[in-house]
Amino acid sequence: MDKKITSVILMVFCLIWLGWGIVWSGSNGQTTSQNINGWENNRLIAHALGGIQGSSYTNSYDAFITNYNKGYRLFETDLLLTTDGELAARHDWSKRLQPDLSGQTGHSLTSSQFESSLIDRKFQPLLFKDILHLMEKYPDFYLITDTKETNKQKIEQQFSLLVEQARKMDASLLHRIIPEIYSPEMYDTVMNIYPFPNKIYSLYQSGASAASIVDFVKKKHISVVAMPTYRVLINPNLVYALNQLNVQSYVHTVNNPGAMKLMSQLGVHGYYTDLETPPNTLEDTFSKPAKLVFGKYIQEVLGTISSIIMKVAT
């Protein structure tokens, strides 16, 4: 690769890095309000209700029971609307999750179709109302919702139904339901339906800059931000800036204890995971990371990026 091209690539990457990743203004000692329930003391989140028998994304009853018994108390689930207006715990409508419903590949299902077919041919599917029953039975179970939709009308439909069903069963359950919020606009839409005391600002659908993220969580007193792993690397001081505000960072989806240990050294608090390992065992691998000097980290990352590009060029 021509050295001029390499230099241009490095320059462009650094501009993206600086523009997207650096928070230029400090926190000035400001802190957000802290979560009154303490659910964020759980550093491991069972992703899609947790891994089970080598399977992930099942969002199944079996996954929940298995991982609850292992010690998980903070669970994330995917929620999609069925054609008859129910919320189903399912990641997507592809054939792979319920292969016997081959005629429905790529299309949403009715709630009865969804309930009639086992996930991966062996795990019991769950509607949202089934999850509410589990929340009643297991009062230390906190639920993070990944509803995926960004369209305002669909968000209103999802959360109006979610709140209605929770209120019918037990309104106090809403204090243990933690919606993932994907944008400031979604925040307003959801909070107008119900003022959830607990929520997560989730970045996987967002291209927001680090500075705007920090500004938003300060303004709305949000105590937790979730992000994909690449955000930790591309936004070099986002986690650091959030920590200065006492805002916890969770990263998804991480299935390697070594990666957890590395990112914990960068200040990451917790992880969504599919690993079938008890959370206390996993936490032992990263609970006491070596302290990282942030300025040195930036210098090392820039040096690493430069050396990689130079190797490609030669």
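## Terms and model

Helix axes are lines fitted to C-alpha atoms over the stretch in contact, and angles run from 0 to 180 degrees between N-to-C directions. Helices (H or I, at least four residues) and strands (E, at least two) are DSSP runs, numbered from the N terminus.

This is a predicted model, in which local features need pLDDT of at least 70, side-chain atom pairs count only at pLDDT 80 or more, and totals for chains, interfaces and linings use all residues. Residues are numbered from 1 along each chain as its sequence is written, and side-chain values use heavy atoms, with hydrogens and water left out.

## Helices α5 and α6

The axes of helix α5 (residues 152-170) and helix α6 (residues 184-193) cross at roughly 30° and come within 9 Å. That angle makes α5 roughly parallel to α6 (angles under 35 degrees count as roughly parallel).

On the α5 side, K152, I155, E156, F159, S160 and V163 meet M186, T189, V190 and I193 of α6; contact means heavy atoms within 4.5 Å.

## Strand β5 and T145

T145 lies in strand β5 (residues 142-146). T145 is buried, with a relative accessible area of 0% (buried means under 20% relative accessible area, with a 1.4 Å probe and protein chains only). Leaving aside neighbours within four places in sequence, the contacts of T145 include T77, L79, F159 and L162.

## Helix α2

In helix α2 (residues 61-70), the buried residues are A63, F64, I65, N67 and Y68. Their cover includes β2 (74-78) and α4 (128-137). Just after α2, G71 takes a positive phi of about 120°.

Notes. Buried < 20%, exposed > 50% of the residue type's maximum accessible area, 1.4 Å probe, protein only. Parallel < 35°, antiparallel > 145°, perpendicular 65-115°, else oblique.
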